[in-house]
Amino acid sequence: MTSFSYAANPVRVVFGSLDCLSTEADRLGLGRVLLIGRPRHADRAAKALGARLAARFGEPAMHTPVDVTERALKLVAEHDVDGVVAIGGGSATGLAKAIALHTDLPQLIVPTTYAGSELTSVLGQTADGRKTTQKTPKVRPETVLYDVGLTLDLPVSVSAASGLNALAHAVEARYAPDANPMTDLLAAEAIKLLTSALPRIAANPSDVDARADALRGAWLAGSCLDAVQMGLHHRLCHHLGGKFGLPHAETHAVLLPHVMAHQGLDDADDVFELAASLPVPHSLAELGLTEADIEGEPEEELLRQALHGTRPA
Ligand code: NAD
């Protein structure tokens, strides 16, 4: 028998509605909350939090810049905050996690994209144009509340890129050196849900069943990402993203089929076709890279195919 180890991570996951927010905040004993999120969704969360709301921060940013975190930490200190609620995509979640890294405050996350960061103990931060990533249980959120209604207005292009980012989390669990029977199960179900949901969302963004499938897929995929070591795909995405300032989800979307083919996964072509059918960038060139940029980079041949968006060999 192959040996393996698996530890279930202690995150409370609730699929329900934003109406459960105050109950979940009470469960964590939160009395003075910092609410992170853009007004579109945060206004509703503020209402639900009522008197528990101590302060708001409305400008989370991609890749968690440390100067943004410092501004939010000031609010935490000034308002004697005892917990953080973040509503939004991976950028809002990243800021909550960065605050937890410094303060150990409990986090309640309400995701509105498929980024999956809410399930992981991984935090990527940027300072002086450099992104560094660390893995520590200190940043893993305590509670995640999913409300499919919040995802219905996520634009199709953002949904598709974010959904392929989620798919990448599950795919990577398939070839991770520490994959195990539990991550295999999670990954298989996540891949099934996401590959079925994304074309349906592209055809009809307000298809609630498709949105629910994508959100469940994102949850399972995020759980995979936290349970295994990150491999080639994430290494390449983080390297290119940091070096050339590329957008996070779109970089995943472009590279995924090429990394899958490189790893010998037999459904690489299916994922290439899926990505080709969705309104996402299909090449690194569309993200602004040139031949000169990839010259001498690790996995140069793989990157050349991704540069031109050609079908992976
Ligand atoms: P994002 O949070 O920046 O959101 C993308 C855009 O969509 C933003 O403009 C946002 O305001 C908007 N948006 C979000 N939800 C919406 C909704 N329901 N309706 C309309 N607009 C909406 O992007 P993202 O792809 O969710 O997250 C990317 C960030 O997450 C990056 O910083 C990345 O490093 C991080 N991330 C971290 C992990 C991890 O495990 N640490 C995993 C995945 C992503």
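Is Asp-104, judged by its C-beta neighbours inside 10 Å, buried or exposed? The legends below take up this residue among other close-up views of a predicted model.

**View 1. Asp-104 in the loop between α4 and β5.** Asp-104 counts as exposed, because it has 9 C-beta neighbours inside 10 Å and a residue is called exposed at 12 or fewer.

**View 2. Thr-64 in the loop between β3 and α3.** Thr-64 likewise is not a glycine and has a positive phi, of about 45 degrees. The loop in which Thr-64 is found lies between strand β3 and helix α3 (66-78). Thr-64 counts as buried, because 24 C-beta neighbours lie inside 10 Å and the cut-off for a buried residue is 20 or more.

**View 3. The open sheet of six strands.** The strands follow the order β1-β8-β5-β4-β2-β3, and their pairing is parallel. At the edges stand β1 (12-15) and β3 (53-57), each of which has a single partner strand, so that one side of each is left without a neighbour in the sheet. From one strand to the next, the twist averages 15 degrees.

**View 4. The pairing of β2 with β3.** Strand β2 (residues 33-36) runs parallel to β3, and four bridges join the two. Within this pair, Ile-36 stands opposite Phe-57, a residue of β3. As background, strands of a sheet pair through backbone hydrogen bonds, in either a parallel or an antiparallel manner.

**View 5. Helix α2 across the sheet strands β2, β3, β4 and β5.** Helix α2, which spans residues 39-49, lies across β2 and β3 as well as β4 (83-88) and β5 (107-111). Relative to β4, helix α2 runs at about 145 degrees.

**View 6. The shell around the ligand.** The ligand is surrounded by 28 residues, of which the closest are Gly-89, Gly-90, Ser-91, Thr-113 and Ser-117. Two or more residues of the shell come from each of the elements α4, β6 (122-127), α5 (156-175) and α9 (248-262), and α4 gives the most, with four residues. By residue class, the shell divides into 10 nonpolar, 16 polar and two charged residues. Both domain 1 (12-151) and domain 2 (156-308) take part, with at least three residues of the shell drawn from each.

Technical notes
Residues numbered from 1 in each chain as written. Predicted model: local features only at pLDDT ≥ 70, side-chain atom pairs only at ≥ 80, totals over all residues. Pairing = 2+ DSSP bridges. Axes fitted to C-alpha atoms, helices over the stretch in contact; angles between N-to-C directions. Contact = placed C-beta atoms within 7 Å. Near = placed C-beta within 6 Å. Nonpolar A, V, L, I, M, F, W, Y, C, P; charged D, E, K, R; others polar. Domains from an automatic or database assignment.
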